[in-house]
Each structure stands twice: as C-alpha cells, then as structure tokens.
Amino acid sequence: MKTTAVERRAELLRLYTGLPWQSALRRVEAAAPESLLIPQPDVDQLLLEARVMAALAWRRITTLHPWGIEYVDPRSDRLLIRFEADPVDGRDPDETQALDLAETLLPRADEYGDIKGVPGARTHVERGQVMLRVLDTSASVTLLGLDPDEWLRAVDVQDQQMGAYGMTPCHRDLPARWHPAERPYRRPSRRGTAASAWLTSGLLRRVGLIRTLGAPLAVTGWLGHHERGGGERWIIDPTFAEGSGATGHRRLMALLAAPGWGLPLASVDEHCACHLPPGYSDQCTVVAAGLAERPGALEVRAIQRRGDRLKWIQEHRPATYAVQQQLAYSVPAWVDRWLERGGSPTSRVPVRADTMSHSH
C-alpha cells in the first residue's frame, strides 16, 4: 500500500499515463510538491497531440495495449509516447509499428489536395530517437520504442506505396517548408479540431486510464460529429474483460475529471447496462462535455466482455488473452476514497486544483 504523499502521487501518475512505477516515482520526486504532473501544453503542442491522437485512434494493426501505447510521458513542452514492441508470434510482417505509424502520421496529399496524416509534421532521428516535429513551431512528440533504421526504411516503403496510389509525400517533397497542400492547415480556425484540441490531447496524455477498466481487449476511437459550440465529439470504445462493472466505467470518468489530474469535463448522460445478465448488452455509454464553455465532448462506450463472449476469446486467443490480463491495472482502494472526496487535496494526495477546470 502506498502511504506517503509522494508514493500516492506517483501511483496516480502511473494510473493516468501508464509510466512504469520507478519512472513515475522519479518524476514525482523531481517535481515541486503541488505542481501539475500532467500539464496542459501551449497551443501548438496541443494541436500536434490532438492530430496525433486522431491518427492513432483507429490502429490498422493488432495491438495489446490500448492504441499500441505502453505509456506516455507528458511534459509542458513535449510528449513522449512509448509504443509496444512488434509481436513475435509470426503475424503478418506488414503489421509493424513503424510501417503503420509512417503511414498514419506523415503528411501526404491526395489528388484533391486533402492531407492524410499530420499537416506540417516532419520526423528526424535525434540521439537515437524518432522525433516528430511541426514546422515553424517548438511542438514535438518523441516516438519511443521504434528502431531508427527500421523507421527510415518504413518511411521509404510507405512513400513508395502511397506514391503508387497517387499520393504526394509533403514531408519528402518539402522537408523544411510547408507544402502548398499543407498551408490551409497552418493556422487552423477556432472551430473543429483546434477548438477541441484540449480534449484529444488531454486524452492522449491520460491514455493509461483505459487500463483501469480491466484487461484491455481492444480500443478504437473516431470523430462522431461536430458539436454546436464548434468543437468535436470524440467517441472511444474500450473493450475489456473481467472489469468491475459500473464501478469501473464510473471510476474511469471520475479519474478523467479529477481536479489537477484530469480534464475540465462533466458527465452529461449515462446509459449503464452492467445490471443486465451477460449476453443482453455488454456496453455502457457515458457522454462528458467540456466545462466553462469549452467546445467538444467525449463519448465513452465501455464494452465489457462477459459470459460466453469472454469464454470464446479465452479459448481462441489464450496466449494473447494471458498477456492482456497482465496489462490491467489494479486500482488501489485509496484511489476510490480519494475520488469520493472529489479528488481533493485533503485526501493526502497533494494536488493543485487545475486552473483550467475552474475558470468559470
């Protein structure tokens, strides 16, 4: 049991980000006692992370961790994302992290001038790490877990393949400048993606929370529609096994909204099916909207596999399921007590109320 304030802050950081325990502990020990451990970055960094999250939301390869992310390390001026290693069970050799990320992240223009990937993004290998940066900004995301040589090969392969489909590789044609097709995205409007960047970036910075639901079986996300306030509604559907029912998805939403750790969100609608017998409905849906007139909404469709559906997974994918079971977080009882107090500093976890959450 974590008893000191430092240990409890480290435990929360681990729950939110997925950081290994020792890394989380070092981060807390190096930080000021009441500092925000998951800070909100500047506008350029927010927008980059939002677009990276949108690109990762529906992975085209099979992953064990949610979105293939082992952990994130959020800083005020950058984000580090650690991707899981490629599977070694002889699956399709085209299903590699490097190939999939090179296809989804790097900007390429189609015949109509629309951009696939992250506009303005360029990757470089720096000190043995793959860095994603946006031209003319200080925004960056470090892609950990990728072999630099394999990454460069994957970029070449995807450029050739996309070229065969008639796509123009903006990042290769103009490595140091914005391609004409990218320029409309250079200064985004105050609507849509830019308006909701706080939400999508914030979700990426707290990706570890998905694993508090139970053993993660799969998770996808997609843009539902534009809200009346100008923001976007993002939908994610974490599918998990052996979770804790309504306690699990309500805890997830409470963690997502906890002052100083979560986002300025409030649940506005819930449809819970946990009380139904297995087989009737495995999905519970919660919708949360931004506080203080922040545009955007998040719809979480938590899908708990139970009964015969879970038995089928256990029988047909035993090795994969065994690994996924190891990825689930056991949430300490004190975290639930902390949430019951509203995630307040009086619960012996010194957290500062996020000014973003209370700027009414």
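I began with the second largest cavity, which is lined by Phe 240, Gly 245, His 249, Ala 273, Cys 274, Asp 282, Cys 284, Ala 302, Gln 304 and Arg 306. I note that the model is a predicted one. I looked up the volume of this second largest cavity and found about 40 Å³. Helix α9 (245–257) and strand β15 (297–305) each give at least two residues to its lining. Sorting that lining by class, I recorded five nonpolar, three polar and two charged residues.

I then asked how many cavities of 30 Å³ or more the structure holds. The count is four. For the largest cavity I noted a volume of about 50 Å³. Twelve residues line the largest cavity, and Pro 39, Gln 40, Gly 202, Arg 206 and Leu 263 are those nearest its centre. Helix α8 (residues 197–204) contributes the largest share of this lining, three residues. The classes in the lining of the largest cavity are seven nonpolar, three polar and two charged residues.

Next I turned to helices α1 (residues 5–17) and α2 (residues 21–30). Their axes come within 8 Å and cross at roughly 125 degrees. The two helices are therefore oblique to each other. I recorded the crossing of α1 and α2 as right-handed. On the α1 side, the contact is made by Val 6, Glu 7, Arg 9, Ala 10, Glu 11, Leu 13 and Arg 14. On the α2 side, Trp 21, Ala 24, Leu 25, Arg 27, Val 28 and Glu 29 take part. By class, I found seven nonpolar and six charged residues in this contact, and no polar ones.

Notes. Residues numbered from 1 in each chain as written. Predicted model: local features only at pLDDT ≥ 70, side-chain atom pairs only at ≥ 80, totals over all residues. Heavy atoms only, no water. Axes fitted to C-alpha atoms, helices over the stretch in contact; angles between N-to-C directions. Helix = DSSP H or I, 4+ residues; strand = E, 2+ residues; numbered from the N terminus. Parallel < 35°, antiparallel > 145°, perpendicular 65-115°, else oblique. Left-handed = near helix turned anticlockwise from the far one by under 90°. Contact = heavy atoms within 4.5 Å. Nonpolar A, V, L, I, M, F, W, Y, C, P; charged D, E, K, R; others polar. 1 Å grid on protein atoms, 1.4 Å probe; cavity = no way out; pocket = protein on both sides within 12 Å on 5 of 7 lines; lining within 4 Å. Points joined across faces, edges and corners; volume = space filled by probe spheres on them.
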